[in-house]
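Student: Please take a close look at a single part of this model. I would like the cavity and the aromatic rings around it.

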Amino acid sequence: MNSVSLVNLHNCTALVLDQNVTLLMGLNRSELLQVLKEALDRSLQRELLRDALSDCLHTNQQRPFDLPWWQKLVWSLVYAIILMVATGGNIIVMWIVLAHRRMRTVTNYFLVNLSVADLMMSVLNCVFNFIFMLNSDWPFGSVYCTISNFVANVTVASSVFTLVVTSFDRYMAIMRPLKHHMSRKRTILALFSIWFASAMLAIPCLLYSTTNSRRYNSGNTRIVCYMQWPDGSYPNSKTEYIYNLVFLGVTYLIPMMVMAVCYTLMGRKLWGSKSIGEHTQYQKESMKSKRKVVKMFIIVVTIFAVCWLPYHGFFIFAYHHRRFAETSYAQHVFLSFYWLAMSNAMVNPIIYYWMNTRFRLYFQQIICRCCCVIGRSNLRSRQMHELAGFQRSGILPSHSGHVKSLSIRWRHSNAETHVQAFKTNSRSICEKIHSRDDVAII
């Protein structure tokens, strides 16, 4: 309200309350706001009056955050990279674990759950929310506004809860190896509990998400997707501010502290303790494997903390500094923080590839297959093009059966080397996968 001129505030107040504007001219800004507050509190159509007041106050304003086309192009390219890598990488991780029996361990099931959450965030929320932030307009309807907000909070909570459960599982395996036994039934129960707790935490998104239209000068309009709490919307709603604090504590601060304690104790056990006597070769390999697994998860948790801290802190900061949200660079700041948070979904598959032998070899196997299929397709199209050219030039007869037979023999003879190379490469990768039982087994 502070950015609205006093004249405009007088006019809109008179319009909403159906009063003569001359009767309100003697009131200052604070008195007008008090009159509006009392009128809204008494009215049974509080939401309609609030929307009418908002429309009136924004009618003579410029459309906010309307970026030039080149800035939109740059942000689109930046977000397209993380979306492609996150989508492809997490799908591959899910395929590696679910399609290979040797990869179906308890910890890997938790990694699949983490990939599912990251994939949902990338596909069901990030794409649509990025378009909304880029254009300051929500063209996807009120129903998907609710779905998008719900998916965003559910997937964030599910990711961090999965990391917490994984840290407990690793803690018990290292600190209490004789008592550690996570059966398939317990694993399924843990995964169900993760998603149930995440859904409960995101229920306010189902209750209060809505859309509204804003009008600006020259007939410009935009639709916003936001959460309309009983006491208003962000950043004026104290209820939403409290919810953001609770969400920050439950999905960030408390889990980070718990995991920090768990991995600190595991680190002291694996790197700090010195046992008496010589270790057998099996004990050395087991210790080496546990250290690499714990190191990988420490990196995963650390990157998660770094990626999500600015995003969580933005809403707390904007609540206490209202004018910041109205500045011209606020959109770029939020887009940067949101990109950093979304990039966490891209980073995890890269970490698995970098630090885990089995994942790396399976990734290589998929890449080899894709390259072979593309190579075959390109070779086939090139050969058919050359055959057609020979036929037109009269070098080859135009009889279709002869050309088809020749094409098949030519294709088989020329592709034989590529196929043999692919089989050899795949066989070598598979032998490596089945021969390595150290860090590969998570």
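Tutor: What follows covers the cavity, then the ring pairs.

The model is predicted: local features need pLDDT of at least 70, side-chain atom pairs count only at pLDDT 80 or more, and totals for chains, interfaces and linings use all residues. Residues are numbered from 1 along each chain as its sequence is written, and side-chain values use heavy atoms, with hydrogens and water left out.

Start with the cavity. On a 1 Å grid over the protein atoms alone, a cavity is a set of points where a 1.4 Å probe fits but cannot get out. Grid points are joined across faces, edges and corners, and a volume is the space filled by probe spheres set on the points. The structure holds 1 cavity of 30 Å³ or more. The volume of the largest cavity is about 70 Å³.

Now the lining, meaning residues with an atom within 4 Å of a point. The largest cavity is lined by A117, D118, M121, T155, V156, S159, F304, W308, A341, M342, N344 and A345. Two or more lining residues come from each of helix 6 (106-135), helix 7 (141-175), helix 11 (281-320) and helix 12 (330-355). Helices here are DSSP runs (H or I, at least four residues), numbered from the N terminus. Helix 12 gives the most, with 4 residues. By class, the lining has 8 nonpolar, 3 polar and 1 charged residues. Ala, Val, Leu, Ile, Met, Phe, Trp, Tyr, Cys and Pro count as nonpolar, Asp, Glu, Lys and Arg as charged, and the others, Gly among them, as polar.

Next, the rings. Rings of Phe, Tyr and Trp (its six-membered ring) pair if their centres lie within 6.5 Å; planes under 30 degrees apart count as stacked, over 60 as edge-to-face and the rest as tilted. The count comes to 23 aromatic pairs. Ring pairs link W75, Y79, F130, F304, W308, Y311, F314, F315, F334, F337 and Y338 into a cluster. F304 and W308 are also among the residues lining the largest cavity.

The ring centres of F314 and F334 are 5.0 Å apart and their planes lie at 50°, so the pair is tilted. F314 sits in helix 11 and F334 in helix 12, so the pair ties together parts 20 residues apart in sequence.

How values were computed:
1 Å grid on protein atoms, 1.4 Å probe; cavity = no way out; pocket = protein on both sides within 12 Å on 5 of 7 lines; lining within 4 Å.
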